[in-house]
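Thanks for coming. I will go through one structure today, starting with a strand pairing and then moving on to cores and cavities.

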Amino acid sequence: MQINNRELSWLSFNERVLQEAQDKSVPLTQRLRFLGIFSNNQDEFIKVRVANLIRMSAIKSEKTIQTTEGFPVKDILDEVHARMEKTEHLFAQTYRKILSEMEKNRIFVLNEKQLNKRQSQFCRDYFKLEINPQIVPLMIRKSTKMPFLSDEYIYHAIRMELENNKHPKYAIIRIPVNRQSPRFVELPSTRNRKELIFIDDIIRLCLDEIFFMFNCQNISAHAFKLIRDAQLTVDDDITKSLMEKMELGLEERMHGEPVRLIYDKEMPCDLLTILMNKLKLINFKTQAGGRYHMLKHLMKFPTIAPEFEYADLPPLPHPDIQPFSSILQVIKEKDIFLNYPYHTFDHIINLLREAAIDPKTERICITLYRTAERSRIINVLMNAVENGKEVIVLEELMARFDEGQNIENSELLSKAGIKVIHGFKGLKVHCKLIYIERKEKLGHKGYGYVGTGNFNETTARQYTDFALLTSHPEITQDIKTLFEFLQNPHKHMVYKQLMVSPYHMRAQFEKLINNEIKNKKKGKDAYIYAKFNSLTDVRMIKLLSKAAQEGVEVKLIIRGACCLQPEPTDSEKQPEGISIVDKYLEHGRMAIFHNNGEEKIYILSADWMTRNLDSRIEAGVPIYDPEIRQTIRDIFTIQWNDTVKARDLAWQDENRYRTILDAKPCRSQLALYDYYKKKK
């Protein structure tokens, strides 16, 4: 077993996403969307991880600056750049192949030079109505002071050759992409044929209308985009509220230092030179790309036909939750386990709605990390206040790239009369909890929710996550205690059931792993089965490796970055690991320990990463209900036996698909849907 670098391991994960775009068994438009996911992932990786490596490599020191895994930063940065350059070429090649396959199915993405007269007029009309009102060209002259160019947009750099003038004129146009102007526009076309165009090319078609005042002999537009450092700095001014500090920090992030310039490789040299001079990007990392940038918008590529999409798998109701019946009463009688997106997230909306109007409910507490843009969760919490309930919301402002949305949520909730509390500097609140308190005949009773994913009805259709609904007295008391701590962080709290980081979770997991080692040394059975998004904590990796060397069976399902690198040998005394990338983003986290036959099973919000174990408020909950325990075992078994979408982590650099001799084909996400469907 060796330890892999986090950044390189993450790049391997994103290459698995790219594999899905290359997989001909994946429906055509879904393959385009996987390209969009890859592009979005890569941009965020550059903003965060590459930017961090660049900052570290700039530190002047007599010692070689190293990553947390012990690799020289400059070596890793060089390898990261080389890997990204290679995958960008593969991305472009894959995109061309998908377009070619689409054309065989009579679906065409045209540019402005391929339009017929009818389509050309359609685009000009569309431009006048939808696009032109949003365009404000910036002429570039010697005296021009460049405004701030956001990395949230794509830009056209314009070159105009004028009649009887040796000197060309230059300009910049921001391409507006929003609800009003989607990136792709469907064109009028003949029967049995679909044709679309990028909004970029509609603008190219209409350059003569934008710059009509110049007598242009030739005019061209070439796309470019900047990627900026996404580091968010929160100052220590005690006179400012956290909200004020966050707003200032977000403004600074918007003006973060450029990390990379990506430009159309067909851009004329004089245009590129003047662009880099005006942006003060001399001796700067650039990347020559294709005609279109910011292809994350492929995630929203229009639905063309059902046969080019994944079959719809409608979320299932939980068999114990009947329509128009009390969910609180069900939870009072037994624990409920939900696994999104196989189960409907509507159960949680309905639970909160019931609590909001239930005469016996007095208090609702919830942690919010990322919410949907138009959140029903937010609406139902506001409704609860209107019905006289005490509502307490922990709104984590430091959820990367969602900070602006969370500030808006905080202001909206506060105005509605909800008590809003925030996380602490340097200690994100990442746990997913709900606490509902009712006044019943025998006194106050708590109802709790502990989950692995966000209270976000949009991503609940796209991510796989686990949740436990319970009225177990000690668990609900722990949830209540954790909310008390979030309001009074100076107090020391004790938890009987919940695993809570950064206080006890690491120590508890280390104890559980060491217990498996101890039992194996005594000749007893021992195993550790775990599923996480990422595994990067070096201490945990070394302990898992030690357990495997002692003969403990260690099986890991790690979707993203995995710094534990099993050796590609037949040796049994090392951890085994797989990664599953499929239609849904694998996001649920679980851990199962043999524990001398008295299995301990947990679901939790934390990955085994240093930040989650040491620098975040996370929560894990033990599972006691026998039926739910069996369900979680079954989930792990079904996923471990995946022979279609599982990659063997012993071959991370190559992302080899996992093979099991004589096994029937198993695509675990479809198998799990069927598993729950049979339980209806």
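Strands here, like helices, are DSSP runs numbered from the N terminus, with at least two residues (E) for a strand and at least four (H or I) for a helix. Before going on, this is a predicted model, where local features need pLDDT of at least 70 and side-chain atom pairs count only at pLDDT 80 or more, while totals for chains, interfaces and linings use all residues. Residues are numbered from 1 along each chain as its sequence is written, and side-chain values use heavy atoms, without hydrogens and water.

Strand β4, residues 154-162, is joined to β5 by 7 bridges, and the two run antiparallel. Two strands count as paired if DSSP finds at least two bridges between them. β4 and β5 make a hairpin with 6 residues between them, and Asn164 in the turn has a positive phi of about 55°. β5 also pairs with strand β3, residues 138-140, through 3 bridges, again antiparallel. There, Leu138 has Ile172 as its bridge partner in β5.

Is β5 buried or exposed? Of its 7 residues, 169-175, 5 are buried, so the strand is largely enclosed by the rest of the structure. Buried means under 20% relative accessible area, exposed over 50%, and partly exposed in between, with a 1.4 Å probe and protein chains only.

Next, the cores. A nonpolar core is a set of buried Ala, Val, Leu, Ile, Met, Phe, Trp, Tyr and Cys residues joined through side-chain atoms within 4.5 Å. The largest has 51 residues, and Leu482 and Ile632 have the most contacts inside it. Leaving out residues up to four places away in sequence, Ile632 touches Phe337, Met590, Ile592, Ile601, Ile603 and Ile623; contact means heavy atoms within 4.5 Å. A second, separate core has 46 residues, including Trp10 and Met84.

Last, the cavities. On a 1 Å grid over the protein atoms alone, a cavity is a set of points where a 1.4 Å probe fits but cannot get out, and lining residues have an atom within 4 Å of a point. Grid points are joined across faces, edges and corners, and volume is the space filled by probe spheres set on the points.

How many cavities of 30 Å³ or more does the structure hold? There are 4. The largest contains about 60 Å³ of space, and its lining includes Tyr340, Asp465 and His587.

Definitions and conventions: On a 1 Å grid over the protein atoms alone, a cavity is a set of points where a 1.4 Å probe fits but cannot get out, and a pocket is an open set with protein on both sides within 12 Å along at least five of seven lines; lining residues have an atom within 4 Å of a point.
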